[in-house]
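Subject: Handing over the two-chain model

Dear colleague,

I am passing the structure on to you here, and below it I set out what was found when going through it. Please have it open while you read.

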Amino acid sequence: MEVRVVNVRKEFERFPALHDVSLDIKSGELIALLGPSGSGKTTLLRLIAGLERPTKGAIFFGEEDASQKSIQERNVGFVFQHYALFRHMTVADNIGFGLKVRHGAARPSGQEIRRRALELLDLVQLSGLEKRYPAQLSGGQRQRVALARAMAIEPKVLLLDEPFGALDAQVRRELRRWLREIHDRTGHTTVFVTHDQEEALELADRVVVMSQGRIEQVGTADDIYDTPNSPFVYSFIGESSSLPVKVENGEVWIADRPIGLEAPHAPSGEAILYFRPHDVDLLDGCSGCIAGTVAASRRVAGTRRVELEIGGERQRVEIELPIDHPAAQKSRVAFRPRRWKLFPTA
Amino acid sequence: MTTAPAHAGWRFRQPSVIPGFGLTLGFSLAYLTLIILIPLSGLIWRSAALGWTDFWALATDRRTLKALEISFGTAFIAAAVNVVFGTLVAWVLVRYRFPGRRVVDAMVDLPFALPTAVAGIALTTLYAPTGWLGKLLMPLGLKVAYTPLGIIVALVFIGLPFVVRTVQPIMEELDKEVEEAAATLGASRFQIITRVLLPSLAPAIITGFSLAFARGVGEYGSVIFIAGNLPYKSEIAPLLIVIRLEEYNYPAATAIAAIMLALSFVMLLVINLVQTWSRKRYG
């Protein structure tokens, strides 16, 4: 089911949590809402589910205006960070709950409900645990049960709120791969919220980066990582370094020297230069480059990360060096970013 | 430290790393013995001195049986009423924010603090055929004061805080997400209450019920004013005990007391078993 969020605004007691957010989600897509806490990602998810009502705007499921419908009528599967399982019910009863509460002809027979529950339990690889109570399961197992319960109602959309947030790193990675598999097999339109960029970039077809109640950028992992469209996205996703620069006549300057970067379309004036620490060319001499003295150096896995002090203003940037690079404390290193972006200072 | 040899037989399981298990267990047992066990065994001792035939004759006396029936019956009904309305009161106090909520919250405890005789006199004045409420109920054919109905009213008053105060904290801990999960799965408000909320509250509600019930069975002060105390009609067992005592008929008094003790113990035991069972299920 295709989901469209159209100009949605949400206020909590006058405090705006979302400003005029629009988003199109294609049918069968796996979308991640990524952002720091307070960015409004969970609010957006809850609005889609109907757990909150928008102050302004509408949400469409296909052609239907879902914002006019109650939570019960929307038929969404929602998975909570802390599982929210019914602790007085067995695993099988938990999964069958959504079918059992249906009325009249829509309710399958008891046998059918049980069959479906066992089938889903098999899908989430927990066969044989149907008689357990949630208290007798591990965190990862509980979250799988929660997912099976959400899928039992054949939801139009599957919504997951930080589904792996309460689990340890090992289980997280495992479940991440497993969720992707399940999604590929069942084809549910799925939206999940996370503050873990690795999770978002690895798992999702498209990532929605949010900050302060607004959508900053929507795109594939490659789009988001390689062509961030705002300083926020540049610094939030992956590693980044930034330097205040000046643009004059299509050339980038630091202090009183051009650094050999051409920016023919950038407006003249103050700007901030962003680049990735690993995406730099090291240079020997320096006519048109960025040069600085090594202030600190750390070994990070297969590379060495150094902090350079640039110019008289004591700006610090991080770049990556090969481990055999002879850069010692106080020595001078010159480089030029291979890929970079300028954002005018507002 | 060496491990216990296998032939040491059954040992207390070391419950935690905090020392003093033996001391605290010993103290608890001694304390319970002193406060509860010795007085109660004295009771059984006295009634045992009666001899089996005499005891049976006293126990199956029609007036005694009727009094026990009234005591346990009214206590049961009152506890049941309290479960319904006490849970409702707890719900309102936990879920809604309204002006005067704290006052209402404090008011719930009044039956704890009020001398029971005061409660009894106040209720009697209200429900007597000439009282404010009694006057209104009379034309409807409802006689409250001086009937078993009056006993129930008094016991409802006395028992309310037991239910509210046991259910309230558990209700506060209920996870809102669980209700939201049920709603997204299509459950109506009513289904959420009956299938999700009440089952998770069940252990607390059972505790509240058993406390209110136990209190109701033993209640004396408030009941004797409103009950009218007609033998076979509205005479409660504790009152019958007092009457026997005033007649210097100690064997009869102890016999009734022993029966009450046995009945109460059995009922509380059953309730406790139900609770253990539900705790085990709901974790």
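This is a predicted model: local features need pLDDT of at least 70, side-chain atom pairs count only at pLDDT 80 or more; totals for chains, interfaces and linings use all residues.

Residues are numbered from 1 along each chain as its sequence is written, while chains are lettered from A and ligands numbered from 1 in the order in which they are written.

The mixed sheet of chain A

In chain A, six strands make up an open sheet of mixed pairing, in the order S6-S7-S8-S3-S9-S10; strands here are DSSP runs of E with at least two residues, helices are runs of H or I with at least four, and both are numbered from the N terminus. Two strands are taken to pair if DSSP finds at least two bridges between them. Strand S6 (76–79) and strand S10 (214–219) of chain A stand at the edges with a single partner strand each, so one side of each is left without a neighbour in the sheet. Direction ignored, neighbouring strands of this sheet are turned by 15° against each other on average, where axes are lines fitted to C-alpha atoms, for helices over the stretch in contact, and angles run from 0 to 180 degrees between N-to-C directions.

S3(A) and S8(A) run parallel and are joined by five bridges. Strand S7 (residues 157–161) of chain A also pairs with strand S8 (residues 189–194) of chain A in the parallel sense, over five bridges; A:Leu159 has A:Val191 as its bridge partner, and A:Leu160 has A:Phe192.

S8(A) is mostly covered, with six of its six residues buried, a residue being buried if 20 or more other C-beta atoms, placed from the backbone, lie within 10 Å of its own, exposed if 12 or fewer do, and partly exposed in between. In a regular strand the side chains alternate between the two faces of the sheet. In S8(A), A:Thr189, A:Val191 and A:Val193 point one way, and A:Thr190, A:Phe192 and A:Thr194 point the other way.

The antiparallel sheet of chain A

A second open sheet has five strands in the order S13-S12-S11-S14-S20 (chain A), with antiparallel pairing. Its edges are strand S13 (257–262) and strand S20 (340–344) of chain A, each with a single partner strand, so one side of each is left without a neighbour in the sheet. The twist averages 40° from one strand to the next. Within this sheet, strand S11 (residues 241–248) and strand S14 (residues 269–275) of chain A pair in the antiparallel sense over seven bridges, and A:Lys246 stands opposite A:Glu270 in S14(A).

Helix H4 of chain A

The buried residues of H4(A) include A:Ile113, A:Arg116, A:Ala117, A:Leu120 and A:Leu121. They cover an arc of only 140° around the axis, which puts them on the same side of H4(A); the arc is that of the directions from the helix axis to the C-beta atoms. The face turned away from the buried side of H4(A) carries the exposed residues A:Gln111, A:Glu112 and A:Asp122.

Chain B has 13 helices and zero strands, and its C-alpha trace spans about 65 × 55 × 30 Å along its principal axes. Of the 283 residues in chain B, 33% are buried.

The contact takes 18 residues from chain B and 21 residues from chain A, two residues being in contact if their C-beta atoms, placed from the backbone, lie within 7 Å. On the side of chain B that touches chain A, H9(B) gives the most, with six residues.

With regards
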